[in-house]
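Biologist: Hi! I have a new structure to learn today. Could you walk me through it?

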Amino acid sequence: MARQGRVLLVGAGPGDPELITVRGARALGRADVVLYDELATLELLGLVPDRARLVNVGKRGHEEPTKTQDEINALLVAEARAGNCVVRLKGGDPLVFGRGGEEASACAEAGVPFEFVPGVTSAIAAPAYAGIPLTDRRHAASFTVVTGHKDPSRVSQETRWRELGTAVDTLVILMGMRSLPGLVSEILAGGMSPATPAAAIMNGTLPSQRTCVSTLGELVQAVDEAGLKAPTAIVIGDVVSLRTGLS
């Protein structure tokens with residue numbers, strides 16, 4: 001009887017290889033094929049058996065992808081149908097701006113068994129490593145995570161930045177460096193005070209992590225002067241003021 005393959009959509013975590021879950025590490029240890037993203041920590045590939053095949057299917061920032069999403073979906077299905085244990089290693093959490101839902105849907109439609117293995121998202125981990133809690137009962141009881149880079153094919157579904165700025169206590173923006181000036185302008189236009197504490201965290205949880213703290217009104221200039229580049233997480237809210245004592 002032919003062996004039944006399966007796909008495991010594994011979150012690699014935010015960068016620090018020690019932040020992968022135990023279940024994620026075990027999945028890598030039994031993989032026949034690993035399709036990994038550019039932002040997945042390459043050190044984790046050392047957990048993969050020597051017999052396994054490694055395929056880089058990722059991209060960084062706005063660069064052209066190594067493979068299109070349709071090609072990745074087809075490869076997942078084909079490898080699983082061939083009887084392989086396929087690990088799709090994705091940076092952060094596979095279901096937080098990681099297209100894990102799309103890949104799972106492709107598996108479901110093809111009748112291929114799949115499993116989600118959650119990972120630690122940089123939206124929480126990067127601020128934590130910088131000494132910034134997203135909630136704190138003295139300052140914030142709510143937070144939201146939003147992408148600054150939306151699918152260009154869905155321009156009708158615009159993020160309502162003006163409303164977001166005053167709807168929650170802490171705002172976390174991922175993948176927003178390219179459009180940061182415009183995003184900040186919209187948030188300010190929505191009524192958030194330019195004196196609101198803000199931070200930008202580049203390469204969160206890695207030894208190369210750098211953090212720039214400013215106010216919302218001066219954030220764009222501060223980030224530019226600090227020379228921060230993607231991947232960078234932006235945190236806006238009073239909780240940023242706690243970094244002084246917690247970093």
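Predicted model: local features only at pLDDT ≥ 70, side-chain atom pairs only at ≥ 80, totals over all residues.

Biologist: Thanks! Where does Val87 sit, and which residues does Val87 touch?

Modeller: Val87 is in strand E4. Helices (H or I, at least four residues) and strands (E, at least two) are DSSP runs, numbered from the N terminus. Not counting residues up to four places away in sequence, Val87 touches Leu8, Val10, Ala27, Leu28, Ala31, Val33, Val34 and Leu35. Contact here means heavy atoms within 4.5 Å.

Biologist: How far apart are Val87 and Leu28?

Modeller: They are 59 residues apart in sequence, and 6.6 Å apart in space, C-alpha to C-alpha.

Biologist: OK, so what sheet has E4 in its strand order?

Modeller: That is an open sheet of 5 strands in the order E3-E2-E4-E1-E5, with parallel pairing. The edges are strand E3 (53-56) and strand E5 (114-117), each of which pairs on one side only. Two strands pair if DSSP finds at least two bridges between them. From one strand to the next, the twist averages 20°. Axes are lines fitted to C-alpha atoms, for helices over the stretch in contact, and angles run from 0 to 180 degrees between N-to-C directions.

Biologist: How many bridges are there between E1 and E4?

Modeller: Strand E1 (residues 6-11) and strand E4 (residues 85-90) pair in the parallel sense over 6 bridges. One example is Gly11, whose bridge partner in E4 is Lys90. Helix H3 (residues 100-110) packs on the sheet, where H3 touches E1, E4 and E5, and its direction makes about 160° with that of E5.

Biologist: What about cysteines? How many disulfides are counted?

Modeller: The count comes to 0 disulfides, a disulfide being a pair of cysteine sulfur atoms within 2.5 Å. For Cys85, the nearest cysteine sulfur is that of Cys107, 12 Å away. Cys85 counts as buried at 6% relative accessibility, and Cys212 counts as buried at 11%.

Biologist: Switching topic: which residues of helix H6 are buried?

Modeller: In H6 (residues 180-189), they are Leu180, Leu183, Val184 and Ile187. Seen down the axis of H6, these buried residues fall within an arc of 95°, so they line one face of the helix. The arc is that of the directions from the helix axis to the C-beta atoms.

Biologist: And what covers them?

Modeller: The cover includes helix H5 (161-167), strand E7 (170-174), helix H7 (219-226) and strand E10 (232-236).

Biologist: Tell me about E7. Which way do its residues point?

Modeller: Thr170, Val172 and Leu174 point one way, Leu171 and Ile173 point the other way, and all are buried. In a regular strand the side chains alternate between the two faces of the sheet.

Biologist: Which strands are joined to E7 by bridges?

Modeller: Strand E6 (residues 143-147) runs parallel to E7, joined by 5 bridges, and Val146 stands opposite Ile173 in E7. E10 runs antiparallel to E7, joined by 3 bridges, and the bridge partner of Val172 in E10 is Val235.

Biologist: What kind of peptide bond joins Ala230 and Pro231?

Modeller: A cis one, with omega about 0°. Pro231 is found in the loop between H7 and E10.

Biologist: Last one: what is the phi of Arg99, and of Met175?

Modeller: Arg99 has a positive phi of about 60° although it is not a glycine, and Arg99 lies in the loop between E4 and H3. Met175 is also a residue other than glycine with a positive phi, near 55°, and Met175 lies in the loop between E7 and H6. Arg99 counts as partly exposed at 41% relative accessibility, and Met175 counts as partly exposed at 41% too.

Conventions:
Residues numbered from 1 in each chain as written. Heavy atoms only, no water. Buried < 20%, exposed > 50% of the residue type's maximum accessible area, 1.4 Å probe, protein only.
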